[in-house]
Amino acid sequence: SQLRVYALQLMQCITGRNLKSLPNELVSQVEPWELWYEPGTGSSVADDNNSPSSSITGTLVALRSTQMITTVLPNANITPNNLGTLDSAVSCFLHLSESASSVETIAVMEAVLEEWEQLFSSKEEYVPPQESPKETNDWSDDWDDGWEALPEELESPTKKHGRTSLSVDPLHTCWMEIIRKLVELGEPHKVIELLDRASSRNSMLIEDDEANRLLELISAMEPLMALKIMLLLPYETTRLRCLQMVEAKMREGTVSTSSNADDHELLALVLSSGVLQRIVTEVEYSKLFSHICHLVGHLARSSQNDLLVKWNDEANAPGTSKTNKSLLFARVLFPSFISELVLRGQYLLAGFVISRWMHTHPSLGLMDVAEASVRRYLNGQIVQAQQLGGTDVFLTDNELSVSHALSTLRSNLVSLVQAALATLPNQDL
Amino acid sequence: MGSVDLIAACLDSIRQIGDEIADALVYLDAGTLEAFQFIGAFPLLLELGARAICSLENASPLDAAAEWHSSFAHPARKIVVITSRLLSDAHRYILRCLGNHGTISHCTVLTAISEVGHSAYVDSPFGPDAFREYETLLTQDHEELLKKYEKSDEHKDTTFYTGKDFTSDGGRYSNWESGVHYGSNSESSPTKKDLFADESSQLETKGKRLSVTVTHFPMIFSPISSRTFVLPSEGTMAESCLSNHHEDSLSPGLPPISTGRSFDGDEIPPGVTLTAQFLYHLASKMDLKLDIFSLGDTSKVIGKLMMDMSSLYDVGRNKRSAGLLIVDRTLDLLTPCFHGDSFLDRMLSSLTRKEGTSSYFVSKNPQTPSKHSEATVKRIPLDIKVPFEKVFSKEEPKSRTSMLPESIMSFVSGWNSAEVESEVTWLPDYADKAHDDKLSSQHGSLNGSFLSNYAGVCYLESLLDRGAKDGLMLIKKWLMEALQHEKLSFPSKGRQGAASVSELHSMVQMLSRDQLSLVRNRGVIQLALAAEMALQEPQSSRWDAFTSAERILSVTSAETTQSLASELRDFINTSTSVESHKQANKTESSQGLLSFQDVLLLTIIGYILAGENFPTSIAGGPFSWEDERSLKDIVVDSILDRPSSVKLRFLVGLENELEAKARPKDGDKSNDSIEASKSTDDFDDQWDSWGDDDDNTDDQKDEAYGDMQLKLEVRDRVDQLFKFFHNLSSMRLRNQTLGEGLAALSRFETDIYSRKGLLYKLLLAVLARYDIPGLEYHSSAVGRLFKSGLGRFGLGQSKPSFGDQSILIVFVVGGINALEVREVMKAISDSSRPDVELILGGTTLLTPDDMFELMLGSSSFS
């Protein structure tokens with residue numbers, strides 16, 4: 001089996017249509033066979049379109065999938081015929097998932113599904129050129145672009161610059177099954193990780209209908225956890241339904257908050273998804289907004305405590321995960337929150353929060369200090385963001401599951417703060 | 001040179017210490033905060049780069065975690081303490097600041113009290129070199145704490161910062177020594193890796209030595225406008241007593257009656273010394289050379305002290321010349337007691353004022369009590385907050401501004417959740433509590449400082465010159481302009497010139513719907529809110545009742561003493577019968593809004609008026625023996641009838657007995673028995689007829705004896721009170737020259753029905769170059785030298801006149817009143833020299849209620 005996989009990988013390199021999973025040493029040592037490329041272009045495409053199962057790519061993916069899945073499901077087998085069509089692939093996956101009953105198994109199935117994604121997403125690229133002879137030329141250009149971009153893909157496989165628009169994953173039915181399994185197993189955090197990774201690829205794992213079914217599935221769980229999951233999906237109507245559900249449960253007093261004391265993730269998702277704008281401005285979500293304010297207050301105090309302990313730490317060791325969380329809050333989450341408040345007209349609330357954060361003399365009235373505090377703070381954030389152009393360690397090493405959401409917030413912070421500053425009145429008042 | 005602007009001068013003084021403030025934790029004590037509120041210094045401190053602006057009395061280790069840039073690259077290294085108190089009083093707070101922040105390497109202390117002021121103060125432990133002495137003391141105490149920490153190195157695994165330590169509750173630091181924590185600072189441990197290599201050369205054996213700098217910062221006072229100022233209420237200068245307790249003194253916060261006798265050196269009260277220091281350094285900072293005049297005994301001492309401080313060096317410089325006139329408040333007690341037509345005075349009297357910080361008094365060392373510390377003046381802070389909660393009413397539930405209190409409280413609950421050790425239950429319902437005024441006021445966050453001047457806004461200056469009607473129209477005009485600026489339209493119904501409170505309220509509501517608009521127009525909005533509070537019931541009726549009563553007393557004082565005494569009796573009777581009337585019918589009338597305490601203030605006014613108009617004898621007072629006896633009887637009866645409402649200093653010690661006496665009476669009333677209407681004798685007869693129960697008879701006799709004793713005690717206290725009244729009425733008789741001078745000023749009284757205060761008449765007189773008996777000129781050292789030198793040649797030198805200067809400073813020792821400010825501005829415009837620049841200052845800003853507290857209430861002699 002090992003030898004067979006190796007031989008197939010070698011043949012794949014020769015054809016020049018490399019897959020992500022090919023070992024680097026093979027790619028670097030084997031040169032594509034140009035003769036294979038030139039005369040076989042038309043026939044290869046025809047063969048792929050007519051019967052993908054007969055292609056080397058399909059065979060290789062099927063073999064690797066079987067190799068992975070048998071580590072947790074010994075009797076499973078994935079054949080090239082299973083991957084012949086989208087329907088057969090989905091059917092095969094659903095059949096396999098019936099035997100999945102542990103987190104480890106589901107993790108392997110996620111990896112299998114990611115392997116399959118290459119196969120079925122690349123299929124879409126070949127459909128348009130068949131329409132007309134003119135498209136054939138465009139297809140050739142695309143092919144050349146793909147060829148030249150190959151080294152970039154190898155250098156940073158996690159970043160794909162090919163497409164920027166969001167699209168539903170063809171295998172969304174399979175992803176939905178994985179998510180449902182994770183929910184049933186009581187592992188909602190892994191759903192969050194999954195969805196966050198997908199958003200970094202500009203990919204939507206499930207459809208709108210599936211999102212609605214997912215909401216019904218998880219609404220029996222913690223409402224705030226459900227909210228976090230929904231905020232990672234771009235479906236507006238489902239988000240609204242979830243917001244209303246959370247608000248209603250908060251008003252009933254049935255929401256438990258003990259496990260949300262250090263919920264950086266909820267704050268990050270509320271900020272990055274843009275839902276804070278609605279919560280701030282609409283009175284219908286006042287309970288949820290109160291909870292967000294409470295959360296910000298708690299995190300603010302905790303992060304200052306952590307930073308103070310760090311300064312007085314004898315070892316003065318490099319930042320721990322706890323310190324990185326505090327820096328993350330202080331440098332990204334808190335400035336984003338303040339800027340959103342200012343943009344939504346919550347000027348006095350922003351002034352009050354900043355006054356507490358800056359330990360301004362408690363006898364100074366809020367009306368007297370709000371304007372100067374907000375302006376000073378926002379200006380300070382711009383200065384800080386421009387100075388720290390390098391890598392932010394605290395963004396990656398903080399044990400949080402929403403790294404892409406955090407990266408989005410970080411990259412948008414300067415423009416957000418500048419927009420908030422633009423709403424302030426002229427200083428000549 | 002430009003014209004004099006006190007606010008600009010104060011801000012410039014802060015700019016001059018910009019290097020110290022940059023990147024420093026700035027700690028302000030309560031008095032400094034009040035002063036900085038007045039000048040709107042907060043944005044300037046931020047502009048100068050202050051890392052945080054915190055409370056000295058409530059310092060927290062978390063203060064160091066504040067940073068405007070959110071870089072958190074390095075811990076705080078500098079702190080700047082600005083205090084309006086003596087260094088010895090502020091020391092424990094400064095030490096706690098240093099203890100909270102183990103990373104501090106430089107500490108700058110700026111104090112409003114000069115070095116000479118420190119050494120001259122009786123309680124101060126420092127000598128002539130006070131600032132250097134304090135630097136040494138602070139460094140040593142800091143190192144002592146450091147050593148104490150190093151001894152506990154075996155506990156280094158312990159976390160020094162628990163949530164409990166970060167509470168900002170000042171009360172937790174009653175045992176402040178144990179509250180001081182030192183973090184494990186690598187700078188303090190040379191054996192550990194030194195991460196700050198550039199400073200390694202400065203390290204010493206036991207760690208880096210703290211660098212302390214102490215500097216005098218005289219510009220800590222509270223400008224109400226660019227030319228009117230008072231001293232901070234919680235600063236040492238205003239809190240030091242202006243009078244020792246003797247027969248001629250009226251209050252620790254007021255100068256004594258001027259008798260012409262000079263003070264002995266040991267008897268100069270500390271407030272007098274500090275006032276002289278302050279005025280001297282204020283003139284120096286303003287680059288003014290003073291010609292000093294004084295009116296009154298205490299003012300004369302201040303003038304003399306200021307002359308002793310001057311030197312030949314002052315004369316040589318090219319300074320601008322100014323006249324300084326120091327006046328005793330005691331020469332005119334009527335003006336601050338009157339409820340005159342000053343809109344600002346009216347608003348000040350209506351707004352709620354918080355209690356001052358009392359921890360300083362507790363900090364006095366009980367082992368060495370001194371008479372001066374016992375007589376410290378307790379002044380209500382002038383940091384008056386206008387509550388904005390009215391703006392966030394529930395009437396507009398859809399407005400996002402109405403959700404603000406709820407959001408703020410949610411944040412605060414999260415901020416404080418670290419202190420709660422048990423698991424936090426779900427958030428309480430803030431929606432209802434957020435609109436509870438009592439709960440909101442406990443937060444004290446949704447407010448603005450009333451007496452505050454911030455950039456470009458000079459509302460207070462304009463209002464100082466207005467009465468109630470004009471002031472209301474002016475505020476309406478400002479609101480209309482603000483609405484136009486915000487592009488909001490307001491239907492102007494009724495007459496164009498009229499202004500009503502409900503109209504102002506509607507305009508405020510419109511301006512407050514958007515939080516940005518609210519912040520932008522906060523100055524005029526809070527003026528409108530303050531005006532609304534001043535003109536609503538029952539404040540409005542109470543003020544009108546006072547005005548009416550005072551007018552009656554003024555008119556009657558032109559008649560006979562019998563008429564005046566009769567009016568006073570009627571006022572006291574009215575306050576008595578109104579309470580009975582209230583209990584019976586629960587109705588209110590305009591005249592009935594004056595309480596017993598209010599009537600006591602009217603009695604003070606009556607006695608002063610009598611003293612001015614009927615100067616007969618000193619010993620017996622202005623009224624006949626019969627009139628005064630009847631007045632005393634009514635006062636005694638009033639005290640005995642309504643003890644629960646009596647909280648007066650001269651009744652200290654009798655509160656329990658008065659309360660106990662009230663209880664059986666209330667019981668009788670609740671029983672509603674027919675026996676209550678009978679006399680005591682009848683009751684005794686009925687009691688005797690029940691048989692020969694000797695024990696009950698004895699109890700009854702004991703109770704009767706107790707009541708009689710209480711009444712005798714109350715009468716004795718009332719006799720003391722009336723001796724105080726005699727003092728008030730005898731002021732012009734104690735100093736004949738001064739009395740004649742004050743009487744001569746009555747020529748400037750334009751109308752007998754609209755009396756003017758002393759300052760008004762005084763300024764008109766000096767600007768018209770009238771010679772005023774009792775007004776004393778204090779020549780400078782050079783002046784004395786020239787006079788003695790030239791005297792040998794027989795050359796005469798004309799006496800300088802206060803009115804000749806183009807800049808005039810009038811400082812009233814004891815305080816000024818808003819009505820007085822208005823009158824003074826009118827005097828300048830009425831005089832032949834409207835171009836004169838006049839600066840008016842005083843120890844504090846006095847309202848009629850403040851005068852009551854100073855003479856009979858919490859701030860009086862016990």
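**View 1. A five-stranded open sheet in chain B of the predicted model**. Five strands form an open sheet in the order S2-S1-S3-S4-S5, with parallel pairing. Strand S2 (52-55) and strand S5 (211-216) of chain B are the edge strands. Each of these two pairs on one side only. From one strand to the next, the twist averages 20 degrees.

**View 2. Strands S3 and S4 of chain B, side by side**. Strand S3 covers residues 78-83 of chain B, and strand S4 covers residues 106-111. The two pair in the parallel sense over six bridges. One residue pair can be picked out here: B:Lys78 has B:His106, in S4(B), as its bridge partner.

**View 3. Helix H3 of chain B against the sheet strands S1 and S3**. Helix H3 spans residues 30-39 of chain B. H3(B) lies across strand S1 (24-28) and S3 of chain B. The helix runs at about 100 degrees to S1(B).

View 4. B:Thr32 has a relative accessible area of 0%. Buried means under 20%, so B:Thr32 counts as buried. The side chains of B:Thr32 and B:Asp29 are joined by a polar contact of 2.7 Å. With neighbours within four places in sequence left aside, B:Thr32 is in contact with B:Ile82, B:Thr83, B:Ser84 and B:Ile220.

**View 5. Helix H34 of chain B, an enclosed segment**. This helix takes in residues 758-767. Ten of its ten residues are buried, so H34(B) is largely enclosed by the rest of the structure. Among the buried residues are B:Leu758, B:Tyr760, B:Lys761, B:Ala765 and B:Val766. The buried set also includes B:Leu759, B:Leu762, B:Leu763, B:Leu764 and B:Leu767. Just after H34(B) comes B:Arg769, which takes a positive phi of about 65 degrees.

View 6. Among contacts in chain B with a separation of 6 or more, 81% come from residues 24 or more positions apart. Chain B exposes about 37,000 Å². Carbon and sulfur atoms supply 50% of that area.

Conventions: Residues are numbered from 1 along each chain as its sequence is written. Chains are lettered from A and ligands numbered from 1 in the order in which they are written. This is a predicted model: local features need pLDDT of at least 70, side-chain atom pairs count only at pLDDT 80 or more; totals for chains, interfaces and linings use all residues. Side-chain values use heavy atoms; hydrogens and water are left out. Contact means heavy atoms within 4.5 Å. Accessible areas come from the Shrake-Rupley method with a 1.4 Å probe; for residues, only the protein chains shown count as cover. Helices (H or I, at least four residues) and strands (E, at least two) are DSSP runs, numbered from the N terminus. Buried means under 20% relative accessible area, exposed over 50%, partly exposed in between (1.4 Å probe, protein chains only). A polar contact is a pair of N or O atoms within 3.5 Å; within protein, one must be able to donate a hydrogen and the other to accept it, and residues adjacent in sequence count only if both atoms are side-chain atoms. Two strands pair if DSSP finds at least two bridges between them. Axes are lines fitted to C-alpha atoms, for helices over the stretch in contact, and angles run from 0 to 180 degrees between N-to-C directions.
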